[in-house]
Structures are given as C-alpha cells and as structure tokens.
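Subject: Structure handover

Hello,

Please find the structure below. My notes on what was found in it come after.

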Amino acid sequence: MHEKVAGLSLSPAMDRTIYVDDFCLNEVNRAREASAIPGSKGVNVAKCLAASGLESICFGFIGGHDRAVFISQLNKFGVHSDFLPVDYPIRNNIKIVDLKNSTYTDVNMETGTPTQEQLDRLIEKTAELAKTCGYIALSGHVSKTMPQD
C-alpha cells in the first residue's frame, strides 16, 4: 500500500555550509566552496522519506525572501510542500567545515514567533493532512519563541 507521509517542520531553515581549508578565529577566512539546502529535522525526515520512494509532504511555517528558493529546492528532493506563510524570515543555519583540521562548527539561528491565528491555522492544516496522509511525522523541537502548550 502506497502511503503519503506529512512531516511537520515548525522552524525550517536554510542550511548554509561553508568549506574552508584552515578556519581561524578572529581572522578573515576564504571559503573554498559553499552550499545552501533546505534543512531542519522535519525537513530532513521528509527528504529521507522521499529518497526512499515514499510520497512526502512537508508543512509548517515559512516566511521571508528565501521562501520561494527553499520550496523550489525542497521540490528537487522530491518533497511536496504545504507551508503556511508567516511574517518573519526563514532561519539561516551556518555550518563551517574546516577541511584541513577536520572540524565542523554549527551556528543555528532561532525562529520567529507565529501568531495565535497562525497556530490555529496550523492545527487546521494538520487535521486536513491527517485525512489524506497515512502518517504525520513530528520531528525536532519547539522553539523557545513559540508557546509551549
């Protein structure tokens, strides 16, 4: 039986990875290369499900000028999207990979805070998707900026 799986991502991010040969603190470092791909725990679950042949859809909140690029790149991974728009920008996570020293540094941004109306709409969206999806994957954490109830 072919099941569609929805993955909730409350705080999707654009994961920007910078590769350097010898990262030095308090100095200008030159990047060898860089990449930017959609990320977050919920998004990564949806990408893995799509890669294994399952139909997956990612939903949650997304806003900012990177919204269209994020969704376009997510589609390239075979993931459909059904995000609700918000007024705050998508998170940007910076990853610095030092190729010479084999180190990896993460700098993860915090997300914005959805309004109560947006949270209510997310509950409605979840109920809608529950009617057409065999499963809904809940991944990641609830940001400190969001209500904890």
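In which loop is the place of Ser40? Ser40 is in the loop between E3 and H1, where E3 is the strand of residues 31–39 and H1 is the helix of residues 41–51. These labels come from DSSP runs numbered from the N terminus, with helices (H or I) of at least four residues and strands (E) of at least two.

Before the rest, two notes on how to read this. The model is predicted, so local features need pLDDT of at least 70 and side-chain atom pairs count only at pLDDT 80 or more, while totals for chains, interfaces and linings use all residues. Residues are numbered from 1 along each chain as its sequence is written, and side-chain values use heavy atoms, with hydrogens and water left out.

Overall picture

The protein has three helices and nine strands. Along the sequence they follow the pattern β-β-β-α-β-α-β-β-β-β-α-β. The C-alpha trace spans about 50 × 35 × 25 Å along its principal axes. Of the 149 residues, 39% count as buried; buried means under 20% relative accessible area, exposed means over 50%, and partly exposed is in between, using a 1.4 Å probe and protein chains only. A contact means heavy atoms within 4.5 Å. Among contacts with a separation of 6 or more, 68% are between residues 24 or more positions apart.

Most residues other than glycine have a negative phi. Ser40 has a phi near 125°, which is positive. With a relative accessibility of 9%, Ser40 counts as buried. Asn26 also has a positive phi, near 60°. Its place is in the loop between strand E2 (13–20) and strand E3 (31–39). At 83% relative accessibility, Asn26 counts as exposed.

Around Ser9

Ser9 is found in strand E1, residues 4–9. Is Ser9 buried or exposed? Ser9 has a relative accessible area of 3%, so it is buried. Leaving out residues up to four places away in sequence, Ser9 touches Ser40, Gly42, Val43, Cys58, Phe59, Gly60, Phe61 and Phe83.

Rings

A search of the whole structure finds one aromatic pair. Rings of Phe, Tyr and Trp (its six-membered ring) pair if their centres lie within 6.5 Å; planes under 30 degrees apart count as stacked, over 60 as edge-to-face, and the rest as tilted. The pair is Phe70 with Phe83: the ring centres are 6.0 Å apart and the planes are at 75°, so this is an edge-to-face pair. Phe70 lies in helix H2 (residues 67–76) and Phe83 in the loop between strand E5 (79–81) and strand E6 (84–85), so the pair ties together parts that are 13 residues apart in sequence. Phe70 is buried at 0% relative accessibility, and Phe83 is buried with a relative accessible area of 7%.

There is also a charge over a ring. The charged end of Lys47 sits over the ring of Phe77, 4.5 Å from its centre. The rule is that NZ of Lys or CZ of Arg is within 6 Å of the ring centre and within 35 degrees of the ring normal.

Pocket and cavity

On a 1 Å grid over the protein atoms alone, a cavity is a set of points where a 1.4 Å probe fits but cannot get out, and a pocket is an open set with protein on both sides within 12 Å along at least five of seven lines; lining residues have an atom within 4 Å of a point. Grid points are joined across faces, edges and corners, and a volume is the space filled by probe spheres set on the points.

The second largest pocket holds about 210 Å³ of space. It is lined by 15 residues, and those closest to its centre are Ser11, Ser40, Lys41, Arg91 and His141. Helix H1 (41–51) and strand E7 (91–98) are the elements that give two or more residues to this lining. H1 supplies the largest share, three residues. By type, the lining has one nonpolar, 11 polar and three charged residues. Here Ala, Val, Leu, Ile, Met, Phe, Trp, Tyr, Cys and Pro count as nonpolar, Asp, Glu, Lys and Arg as charged, and the others, Gly among them, as polar.

One cavity of 30 Å³ or more is found in the whole structure. The largest cavity has about 40 Å³ of space. Its lining divides into eight nonpolar residues, three polar and one charged, and includes Leu10, Ser11, Phe61 and Arg91.

Regards
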